[in-house]
Amino acid sequence: MNKFLNTCFQIGKWFMSIVLILLLLTGVGLICNIIYKSNNMNTYVMDYKFPTQENGAAVEKQNSDKSVIDEISKQYKEQIIAQLKESNVSEKTADIIIKRMVVVEERDRKDFVNNLSQYYKDATKYLINDLKSEYNLSEAEAKQVLNEEKQEINNKIIPDKYFQRYSEQVEARNAEQQKIEAQRTTSLVALLVCLCMFVMFLTIPILIRIEENTRK
């Protein structure tokens, strides 16, 4: 009987040692995962490219806070005018965009402005191709139609689409951050469970050691 018990105790010690090592490694892995998720909470890259398909996202409401508008104008107006100059857009359009930029988070404003020019180019190219395809027009004819509606397109249609794009990207970024936060919370719970199991299994080798010492 003693030999049988000794064999069981030896097997139990090895089993518990393996379990403890696995739990320890799992805990370290979970800690690394939590640190990784925490470092990636605010790394979502906004995409301002002109979309070829609409998804129906609503444009955010404007805020009429004049002090914010003045601050944005002072900081970004010259840059916006320079960006829009490449697309032959008037200074009036810059003022329209500035008044609406109060809905843009401060951390996004620089990137928002830097992508304006390319968005106007892509949107204009898309509209020309759309006119050519829908009405069977030549390149020159499509450009002429676009030029006749230039004020409406430059001052309203394209800015509306651009602000809609920003709204979509903010929603995507928030969703990504919520996903990472949920994953981090799950890892924290798993770490807590792992720690509890480690403590629980650690008591078994201790009891085995006490029993061995008692028998001696």
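Reader: What follows H5, and is its phi positive or negative?
Author: Asn136 follows H5, and its phi is positive, near 55°. This is a predicted model, where local features need pLDDT of at least 70, side-chain atom pairs count only at pLDDT 80 or more, and totals for chains, interfaces and linings use all residues. Residues are numbered from 1 along each chain as its sequence is written, and side-chain values use heavy atoms, with hydrogens and water left out.

Reader: OK. How many helices and strands does the chain have?
Author: Seven helices and zero strands. Both are DSSP runs, numbered from the N terminus: helices are H or I with at least four residues, strands are E with at least two.

Reader: Back to H5. Why does its length agree with what a helix should span?
Author: H5 covers residues 116-135, so its 20 residues at 1.5 Å each should span 28 Å, and its end C-alpha atoms are 28 Å apart. The expected span is 1.5 Å times one less than the number of residues.

Reader: Which residues of H5 are buried?
Author: Leu116, Ser117, Tyr119, Tyr120, Ala123, Ile128 and Leu131. Buried means under 20% relative accessible area, exposed over 50%, and partly exposed in between, with a 1.4 Å probe and protein chains only.

Reader: Why are they on the same side of H5?
Author: Because they cover an arc of only 165° around the axis. The arc is taken from the directions from the helix axis to the C-beta atoms.

Reader: And which exposed residues sit on the face turned away?
Author: Lys125 and Ser133.

Reader: New topic. Where is Gln83, and what does it touch?
Author: Gln83 lies in helix H2, residues 66-85. Gln83 touches Val113, Asn114, Leu116 and Ser117, leaving out residues up to four places away in sequence. A contact means heavy atoms within 4.5 Å.

Reader: Is Gln83 buried or exposed?
Author: Buried, because its relative accessible area is 16%.

Reader: What about Asp65?
Author: Asp65 is in the loop between H1 and H2. Asp65 counts as partly exposed, because its relative accessibility is 33%. Asp65 and Lys99 are 34 residues apart in sequence, yet 9.0 Å apart in space, C-alpha to C-alpha.

Reader: Last one. How much of the chain is buried?
Author: Buried residues make up 32% of the 216 residues.
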